[in-house]
Amino acid sequence: MARFLSLFRPQPFLGLLGRRNPTFCNMSMDSQARETFRAAVEAVQPDTVVRQSIERNGDSVVIDGHRLTLSHNLHLVGFGKAVLGMAAEVERILGDHLVRGVISVPHGIQQTLQQHGKSHLLLEADSRIKVMEGAKHNLPDDDSLKAAEGIKQLATELTEKDLLLVLISGGGSALLPAPIPPISLQEKLDVTRRLAAAGATIQELNKVRRALSLLKGGGLAHHAHPAQVVSLILSDVIGDPLDLIASGPTVTCEVWPEEVLSILERHKLLSSMPASVTQVLARQGPRWKENDKHSDSPGEALNAVIGSNTVALTCAGQRVRELGFRPVVLSPGVCGNVRLVSRLYGLLARFACSREEPPPEIAAEVLRLGPEVGMESWDLCRTMQVLGEERAEGWGATCVLAGGEPTVELTGKGQGGRNQELALRVGLELRGLELPPQGPVFLSGGTDGQDGPTEAAGAVTDAGLYDEARAQGLDIDSFLSNNDSYTFFSHLSAGERLLAPGLTCTNVMDVHVLLIPAIPIKIS
């Protein structure tokens, strides 16, 4: 492996120790991992990302490098689980130029925020923004349909003198359902469910959703034309693809009826489509051609991703440096089965913790697993290069940071989610290594504060997990086969390994933290 990174060698570990925050000096590695996760979540709070992305200068504002003129011409719409806090911050910064707004947010979110002491994420009593709650259980419903109609109405009434600020976060798709008439909401849901059951790809499902929707795939930007449209986006999708976040309502991505008919025919569903769907697909040209006065304009928007997994990992890296660890960001796009992801993290830990030169088979298997879990070979080589040099040259403790959204193969009916199962499996992979503080610690947590249908966001684990479970009469294999990781961690040592941050008010997928202490090496 080439020693490319040695050209950019950081300061020695002792230099880093000089900048450690005294508050963190006596923390256990478990606590340090939790503090790192907390810093990641804190970095992508809805009000924080908005505040950092808007630069107000008198009667103008700079967003993503673009200067926009304010003249009591600002209108606001939003949809997603985090847009209430985003909207509250926008109104604090630009409220004197805000004319009106409509946001679609999850059912019960205002009461929940109030109960959890998050009043700074709520609108003031005299707000010009109308809040509409809907989408119970994260599914489109009549309430979210009404909210979408209100958002469309606001956008349609704008002129070339107006500025429309669109706030988007995860969950936005379910909160902005607007099927093309005469298709009903239920009919649109039935079509996509049947397609999914028939084995349609996610790309095919997205094309059909867009073709049957007034607002997705650039539809909202189209209806707002000729107003200037700017979107602030909190991404919950790997790679931050603008057309997939909330189905891209401000990203022009037209799907022609012929494409959709071909997809339906391929999955043998064309002959059983509702008459309303057939009627819409029989129209020629773009779906919005005959809808309103802006028949030929697609509508263009400035789309800015202001919060993402990458942002969270960057800020987590700043915190671990204060803790005395050298941060190494592996990837914000981890995906694939948790079995493979856990194996890779276990191999990286063994590679880093080896007191002698690690066998080449470890690096070879890491590189083989990489493509199966969404990691580039370059990123893996870079990470192993840093870990190897840290170990060989005595730089000290390291923290490998990653994020994304792995998947779990469901074989049982237990409670848990991908983060708790990943932590459980990594704990098994670490078996045989030293215990903290001489050995590694791993944390996996969902930044939305929930991992599956549980109150936990994830869990923290280390090499002692197996022996600890056996001493308490817990059979790890049986819990794994039943996908019952939450029950396992709840019973293990009274649940002390569970990660339960409570209401986080954000979501940029998952964060993985692998803390590796300074390893004394044998010099031959």
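A residue counts as buried when its relative accessible area is under 20%. H267 has 16% relative accessibility, so H267 is buried. The model is predicted.

**H267**
- H267 sits in the loop that joins α10 (257-266) to α11 (275-281).
- Leaving aside residues up to four places away in sequence, H267 touches L195, A198, G199, A200 and E204.

**Strand β5 and its neighbours**
- Strand β5 spans residues 98-106 and is mostly covered, with seven of its nine residues buried.
- On one pairing, β5 runs parallel to strand β4 (residues 74-79) over six bridges.
- Within that pairing, L98 of β5 stands opposite L74.
- From β4 the chain passes through helix α4 (residues 83-94) to reach β5, in a right-handed β-α-β crossover.
- β5 also runs parallel to strand β6 (residues 129-134), again joined by six bridges.
- Here V105 has E133 in β6 as its bridge partner.
- The chain then goes from β5 through helix α5 (residues 109-115) to β6, and this β-α-β crossover is right-handed.

- Over residues 33-281, the chain is 40% helix and 18% strand.
- The end C-alpha atoms of that stretch are 52 Å apart.

**Salt bridges**
- The whole structure holds 26 salt bridges.
- One of them joins the side chains of R51 and E89, at 3.2 Å from N to O.
- This pair links distant parts of the chain: R51 is in helix α3 (residues 46-53), E89 is in helix α4, and they are 38 residues apart.
- R51 is partly exposed at 42% relative accessible area, whereas E89 is buried at 6%.
- The side chains of R56 and D96 also meet in a salt bridge, at 2.9 Å from N to O.
- R56 lies in strand β1 (residues 54-57) and D96 in the loop between α4 and β5, so the pair ties together parts 40 residues apart in sequence.
- R56 is partly exposed at 26% relative accessibility, and D96 is partly exposed with a relative accessible area of 45%.
- R319 and E322 form a salt bridge through their side chains, at 3.3 Å from N to O.
- Both residues lie in helix α12 (residues 309-322), three residues apart, or about one turn of the helix.
- R319 is buried at 15% relative accessible area, while E322 is partly exposed at 31%.
- A network of salt bridges links R319 and E322 with E35, R38 and E42.

Methods:
Residues are numbered from 1 along each chain as its sequence is written. This is a predicted model: local features need pLDDT of at least 70, side-chain atom pairs count only at pLDDT 80 or more; totals for chains, interfaces and linings use all residues. Side-chain values use heavy atoms; hydrogens and water are left out. Helices (H or I, at least four residues) and strands (E, at least two) are DSSP runs, numbered from the N terminus. Buried means under 20% relative accessible area, exposed over 50%, partly exposed in between (1.4 Å probe, protein chains only). Contact means heavy atoms within 4.5 Å. Two strands pair if DSSP finds at least two bridges between them. A crossover is right-handed if, with the strands pointing away from the viewer, the path from the first strand over the helix to the second runs clockwise. A salt bridge is a side-chain nitrogen of Lys or Arg within 4 Å of a carboxyl oxygen of Asp or Glu.
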